[in-house]
Amino acid sequence: MDNLQKSSTPAITGKPAQIISLAVAYFIAGKIALLFATPPIYATAFWPAAGIALALMLRFGLGVWPGILIASFAINACTAFTAQEAAPLFLLLALAGGMAVGATLQALTGAFLIQWLLGFPKALNRMNDIFKLMVLGGPVACLLSASTGVTILWLAGLIEGSQFG
């Protein structure tokens with residue numbers, strides 16, 4: 001019983017190899033997705049890196065969140081420097097950092113809700129559980145990153161208020 005309690009408690013930090021693996025997978029998926037970006041360069045129709053982050057976070061535990069933060073920051077810093085070469089450095093770094101925080105919160109929230117409300121990991125053999133997994137890991141968690149990203153772009157003056165919605 002004691003081992004079960006220890007394994008179900010979320011770790012604060014993950015193993016370095018797991019964090020690095022998550023960061024690499026997230027970065028590669030994000031860079032591929034950006035190939036399909038539409039103006040502004042941050043807008044993509046899909047972001048497979050979020051699904052990879054959620055899956056690996058559910059597999060390895062919540063402690064691998066630094067991998068998402070690092071990879072998302074790297075992707076967004078590269079994108080910011082490419083898109084806004086004339087902007088001040090602190091603005092570009094703040095933009096990349098804010099986007100990274102949003103992506104990390106998305107994965108943490110999705111994984112936490114799935115673990116808490118579904119008791120994951122357990123067999124998803126009921127349609128109701130599969131539906132909850134899709135809703136919690138999809139639209140509910142995605143609202144955090146999308147809202148954070150748009151708000152940061154608006155505050156930075158990179159999109160107009162009319163584009164906020």
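User: Leaving aside its neighbours within four places in sequence, what is serine 145 in contact with?

Analyst: In this predicted model, serine 145 is in contact with Gly102, Ala103 and Gln106, once its neighbours within four places in sequence are left aside. A contact requires heavy atoms within 4.5 Å. Serine 145 itself is found in helix H6, residues 127-155.

User: How many residues apart in sequence are serine 145 and glutamine 106, and what is their C-alpha to C-alpha spacing?

Analyst: They are 39 residues apart in sequence, and their C-alpha atoms are 5.5 Å apart in space. Over the chain, contacts between residues 24 or more positions apart make up 66% of those with a separation of 6 or more.

User: What elements does the chain have?

Analyst: The chain has six helices and zero strands. From the N terminus on, the elements run α-α-α-α-α-α.

User: Why is threonine 104 called buried?

Analyst: Its relative accessible area is 5%. Buried means under 20%, so threonine 104 counts as buried. Threonine 104 is found in helix H5. Not counting residues up to four places away in sequence, threonine 104 touches Trp65, Ile68 and Leu69.

User: Why does phenylalanine 112 count as partly exposed?

Analyst: Phenylalanine 112 has a relative accessibility of 43%. The partly exposed class lies between under 20% for buried and over 50% for exposed, so phenylalanine 112 belongs in it. Its place is in helix H5. Phenylalanine 112 and leucine 58 are 54 residues apart in sequence and 8.6 Å apart in space, C-alpha to C-alpha.

User: Is leucine 62 buried or exposed, and how do you know?

Analyst: Leucine 62 has 12% relative accessibility. The limit for buried is under 20%, so leucine 62 counts as buried. Leucine 62 is placed in the loop between H3 and H4.

User: What makes the buried residues of H2 line one face of the helix?

Analyst: Those buried residues are Gln18, Ile19, Leu22, Ala23, Tyr26, Ala29, Gly30, Ala33 and Leu34. Seen down the axis of H2, they fall within an arc of 145 degrees, so they line one face. The face turned away from that buried side carries the exposed residues Pro16, Ala17 and Ile20.

User: How do you know that the reach of H2 is close to what is expected at 1.5 Å a residue?

Analyst: H2 has 19 residues and reaches 27 Å from its first C-alpha to its last, and the expected value is also given as 27 Å. H5, with 30 residues, reaches 43 Å, close to the 44 Å expected. Just after H5, glycine 119 takes a positive phi of about 70 degrees.

User: Which residues of H3 are buried?

Analyst: They are Ala49, Ala50, Ala53, Leu54, Met57 and Leu58. The arc they cover around the axis is only 165 degrees, which puts them on the same side of H3. H3 covers residues 48-60 and reaches 18 Å, close to the 18 Å expected. Just after H3, glycine 61 has a positive phi of about 110 degrees.

User: Which members of the largest nonpolar core touch the most other members?

Analyst: Of its 23 residues, those are Tyr26, Ala53, Met57, Ile68, Ala111 and Ile114. The elements giving two or more residues to this core are H2, H3, H4 and H5. Apart from this core lies another of seven residues, among them Met99, Ile152, Leu153 and Ile159. As for tyrosine 26, the residues it touches include Trp47, Ala53, Ser72 and Ala103, not counting those up to four places away in sequence. In soluble globular proteins, nonpolar side chains tend to be buried together.

User: What share of the chain counts as buried?

Analyst: Of the 165 residues, 36% count as buried. The chain exposes about 9,600 Å², and carbon and sulfur atoms supply 71% of that area.

User: Where in the chain is confidence lowest, and where highest?

Analyst: Confidence is lowest in helix H1, residues 2-8, at a mean of 43, and highest in H2, at 93. The chain averages a pLDDT of 80, and 84% of the residues score at least 70. Where pLDDT is low, the predicted coordinates should not be read in detail.

Definitions and conventions:
Residues numbered from 1 in each chain as written. Heavy atoms only, no water. Helix = DSSP H or I, 4+ residues; strand = E, 2+ residues; numbered from the N terminus. Expected span 1.5 Å × (residues − 1). Buried < 20%, exposed > 50% of the residue type's maximum accessible area, 1.4 Å probe, protein only. Arc of directions from axis to C-beta. Core = buried A, V, L, I, M, F, W, Y, C linked by side-chain atoms within 4.5 Å. Areas by Shrake-Rupley, 256 points an atom, 1.4 Å probe, with all protein chains shown as cover. pLDDT = per-residue confidence, 0-100.
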